[in-house]
Amino acid sequence: MTGAAVAPASPVPSPQLPWEAVIGLETHVQLGTASKIFTSASTAFGDAPNTHIDPVVCGLPGTLPVLNQKVLEYAVKAALALNLRIAEHSKFDRKQYFYPDLPKNYQISQFDEPIAEDGWIEVEVAEKGKETYLKRIGIERLHMEEDAGKLVHAGSDRLDGSTHSLVDYNRAGVALAEIVSKPDLRTGREAAEYASEIRRIMRYLGVSDGNMQEGSLRCDVNISVRRGPDAPFGTKVEIKNMNSFSAIQKAIDYEIQRQIKAYETGEPVRQETRLWDESKQLTKSMRGKEGASDYRYFPDPDLGPIEVSDAQREGWRAELPELPAAKRHRYADQLGLSIYDARVLTDERSMAEYFEAAVAAGADAKGIANWVTGDIAAYVNANRLAIAELPLKPEQLAELVQLIEGGIISGKIAKEILPELLEQGGSAKAIVAERGLGMISDPAAITAIVEELLAAHPEEVEAFRGGKTKLQGFFVGQLMKKTGGKADPKLANQILIQKLNG
């Protein structure tokens, strides 16, 4: 939501205080309904241009919009997941602006009575070389609106340098939930983590696919700088339509430094809209920023008020899944996983469900986590699979881990049979039995192998006893080679050291 342009007080009352950025995000989430917000036109992505439009999308005389009930459900569920207060009564407004990708020359949105207000989410801010911390970010509001179309610039990938532009109205009228944060963010990294968590939550709910490459989730950043936390806000600059988390972070980091430099050299910082140029790694001025009065909002005369009853709201609340932050806390507090493991496992709902199904089958949570976040995640990514498509089912992974835990096979043997399990599925226990891969755990058998090994390498034994203790690794390698990796590692090391020390 955009406020009117007001000349701010000086953001630099004391040059001794450090600069601080004040950042807010407007996140536009395309709701994944089959039809558009006010009409039955399809929302399918990637079809031929201008094949999913109709008289309602174009606002032709005599047409009337009708709110898609699924859009309301998705918007309320999204708001509940963001701890927002659902309004009993809200309405739609017309926001006037003139641009080629807006066929009606106005957008149906929500202005002063949105569907939900005053919420928050918790984000985990992790950055290389710095301590990870949790931060609660306030959310001002969530409102429903319709998307605009899309301009396709010919002769260049952007407006600058193009010879002409074409407009595709297929996206016009697709339902959006706009989520407006409070100005609680202070760094580019915090903003990127916040946007990532919003996307994660929407995907968990199933209300959006969050595909940033297809424009299903887009972010606008509002940013200003000031000297110290008690100084007035500086002049706010908006950066439009960033479609990756790295772009959000880099654009903010660049803009912070640009504004600080401007204030320190006496240059004006104008209230404007800027664009992020990925190729040049900088922001560029696009246009002066409109104020709310420029949009001439008024209640949409064709749409009645929106009422959400207590029963309807609580019914939708009961359908919410366990959300990522709650899973992260549970995995760390109840299952004893590291913050890193909990974060990776909960990034996608499907991966969390796979992990939990394997643990429910009786395997140790840490053992399952190691395989899922390591070899299995690498295989899924390399083969561009959804984890639900994996031939290795959760209960089969649990069986593999239980074989390791029970001392039946070593981790080395498990890694050897894993590729076959990943490609074909099946029983690890059956493969081990069929191929005689069980671990050698008989002390007498291992002792005999160790004595044979030491007898074959007298010079190395003498060197070890003379102080070259690193040769222990050589003997371990030889032992595992001789046993095909089947010797119990712990027992084999104990016997080996005992014999080497003579």
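A residue is called buried when its relative accessible area is under 20%. By that cut-off, both faces of strand E4 (residues 93-96) are covered in this predicted model. Asp93 and Lys95 are buried on one side. Arg94 and Gln96 are buried on the other.

Strand E4 belongs to an open sheet of three strands, in the order E5-E4-E15. The pairing in this sheet is antiparallel. Strands E5 and E15 stand at the edges, and each has a single partner strand, so one side of each is left without a neighbour in the sheet. Four bridges link E4 with E5 (residues 106-109). Here Gln96 stands opposite Tyr106. Two bridges link E4 with E15 (residues 298-299). In that pair, Arg94 lies opposite Phe298.

A second open sheet is built from nine strands. Their order is E2-E6-E7-E10-E1-E11-E12-E13-E14, and the pairing is mixed. Strands E2 (85-86) and E14 are the edge strands, each pairing on one side only. Strands pair through backbone hydrogen bonds, either parallel or antiparallel. Both senses can be followed in the strand pairs described next.

Strands E6 (residues 116-125) and E7 (residues 133-146) run antiparallel and are joined by nine bridges. Glu122 stands opposite Arg136 of E7. Strand E12 (residues 237-242) pairs with E13 in the parallel sense, over three bridges. Glu238 has Thr273 of E13 as its bridge partner. Between these two strands the chain passes through helix H4 (residues 245-265), and this β-α-β crossover is left-handed.

Strand E13 (residues 272-277) has six residues, and five of them are buried, so the strand is largely enclosed by the rest of the structure. Strand E13 also pairs with E14 (residues 282-288). These two strands run antiparallel and share six bridges. Asp277 stands opposite Leu282 in E14. The hairpin of E13 and E14 has four residues between the strands. In this hairpin, Gln281 takes a positive phi near 55°.

Attention now turns to the nonpolar cores. In soluble globular proteins, nonpolar side chains tend to be buried together. The largest nonpolar core here has 65 residues. Leu82, Leu142, Tyr194 and Met202 touch the most other members. Helix H2 (residues 69-81) supplies the largest share of this core, nine residues. Which residues does Tyr194 touch, not counting residues up to four places away in sequence? The contacts of Tyr194 are Leu25, Thr27, Ile121, Val123, Ile137, Ile139, Ile179, Ser181 and Leu185. A second, separate core holds 39 residues, including Met351, Leu400, Leu418 and Ile431.

Helix H8 (residues 349-360) has twelve residues. At 1.5 Å a residue, H8 should span 16 Å, and its end C-alpha atoms are 16 Å apart, which agrees. The buried residues of H8 are Met351, Ala352, Tyr354, Phe355 and Ala358. Seen down the axis, these buried residues fall within an arc of 160°, so they line one face of the helix. An α-helix has 3.6 residues a turn, so residues three or four places apart point the same way. What covers the buried residues of H8? The cover includes helices H3 (188-205), H6 (324-333), H7 (339-345), H9 (365-382) and H10 (394-405). Gly362 follows H8, and its phi is positive, near 110°.

Leu491, Ala492, Ile495, Leu496 and Leu500 are buried in H16. Their arc around the axis is only 155°, which puts them on the same side of H16. Lys490 and Gln498, on the other side of H16, are exposed. Against which helices do the buried residues of H16 pack? They pack against helices H13 (443-456), H14 (458-465) and H15 (471-482). Just after H16, Gly502 takes a positive phi of about 55°.

Conventions: Residues numbered from 1 in each chain as written. Predicted model: local features only at pLDDT ≥ 70, side-chain atom pairs only at ≥ 80, totals over all residues. Heavy atoms only, no water. Buried < 20%, exposed > 50% of the residue type's maximum accessible area, 1.4 Å probe, protein only. Pairing = 2+ DSSP bridges. Right-handed = clockwise from strand over helix to strand, strands pointing away. Core = buried A, V, L, I, M, F, W, Y, C linked by side-chain atoms within 4.5 Å. Contact = heavy atoms within 4.5 Å. Expected span 1.5 Å × (residues − 1). Arc of directions from axis to C-beta.
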